[in-house]
Amino acid sequence: LEWYYSEEGVRSAGLFSRDVSTCIVQRQSAETYGGVNFLINRKVNGDSATIQGLELLAQVPIAGGFGIVATYTYIDSKTPITDINGNEMAFPGLSKNNANLIGYYEQGPFSARLAYNWRDEYLVALSAAATGIYNHTYSVLAATGSYDLIGRWLAKARITRARTLATAAIAYAFNLNFGALIGGVGMRLRLYTRAGLSAGTVGQI
C-alpha cells in the first residue's frame, strides 16, 4: 500500500511472506583430535522455514532538497531448529525488529545521505550444548554522497524522485537483513518493475 501525498512525500506499508525450502545453519560440536578437545563450528543444511513480516516507510521532504526517510521492519520467522529446552529458534541472521532513519539531500545530479540503522539481536549458530549463540543488538551510522553523470541519460527512466528514494530505502533495509541478492537485487527489481520499468532498464539503473 503506497500513498504519494506530494511530489516527494510518500507513506507505505507492506506485508511479505517467504517459504524457504532449506537454509544454512551453523552448528558447534565438541571434537577430539590428537587427544586435544576442540569446539568446531560447521555450516550444515537446515530444513524448511517460513519468513513473514511487515514493512513501514515514511518519506518526508523538508525544503531545498533536504528530507527524511524512516523505515521499520518486523520479521517473524519459524524454523524446525530447537534448542536444548525444545524452544523454536528463529531463522539465522534475521532480527525481529529493524529500523532505519535516513537524512538526505537531493538536488539535480547530486545526492547525499546520512543513514542510521538499528537492529536487535539475531541467531548466529547453535552451540555444542544446543543453546543459541546470538549477535547482540547493534547500530550503524553511514554517510554516502554521489554525483550522477550519465545514469539518468543512460536509463532514460521517468519515475518520480519520491519513488526512487523510497525504493532505495526499502531495498537498503532488506539488504541489511536478507543479504545483497534479495535486498539489493530482488527487492529493487520487484519495486521498479511495479513502477512500470522493464527488467533491462532496472539492470541499467
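Trainee: In this predicted model, where is the place of Y5?
Mentor: The model is predicted. Strand β1 covers residues 2-3 and strand β2 covers residues 10-20. Y5 has its place in the loop between β1 and β2.

Trainee: Is Y5 buried, partly exposed or exposed?
Mentor: Buried means under 20% relative accessible area, and exposed means over 50%. Y5 has a relative accessibility of 31%, so this residue counts as partly exposed.

Trainee: Is A115 buried or exposed?
Mentor: A115 lies in strand β8. The cut-off for a buried residue is under 20% relative accessible area. The relative accessibility of A115 is 9%, and therefore A115 counts as buried.

Trainee: How far apart in space are A115 and Y104, C-alpha to C-alpha?
Mentor: In sequence, A115 and Y104 are eleven residues apart. In space, their C-alpha to C-alpha separation is 8.4 Å.

Trainee: Which residue in β2 is the bridge partner of E2?
Mentor: A hairpin of six residues joins β1 to β2. The two strands run antiparallel and are joined by two bridges. In β2, E2 has as its bridge partner S12.

Trainee: Which residue in β5 is the bridge partner of G14?
Mentor: Strand β2 is joined to strand β5 (residues 49-61) by eleven bridges, and these strands run antiparallel. The bridge partner of G14 in β5 is E55.

Methods
Residues are numbered from 1 along each chain as its sequence is written. This is a predicted model: local features need pLDDT of at least 70, side-chain atom pairs count only at pLDDT 80 or more; totals for chains, interfaces and linings use all residues. Side-chain values use heavy atoms; hydrogens and water are left out. Helices (H or I, at least four residues) and strands (E, at least two) are DSSP runs, numbered from the N terminus. Buried means under 20% relative accessible area, exposed over 50%, partly exposed in between (1.4 Å probe, protein chains only). Two strands pair if DSSP finds at least two bridges between them.
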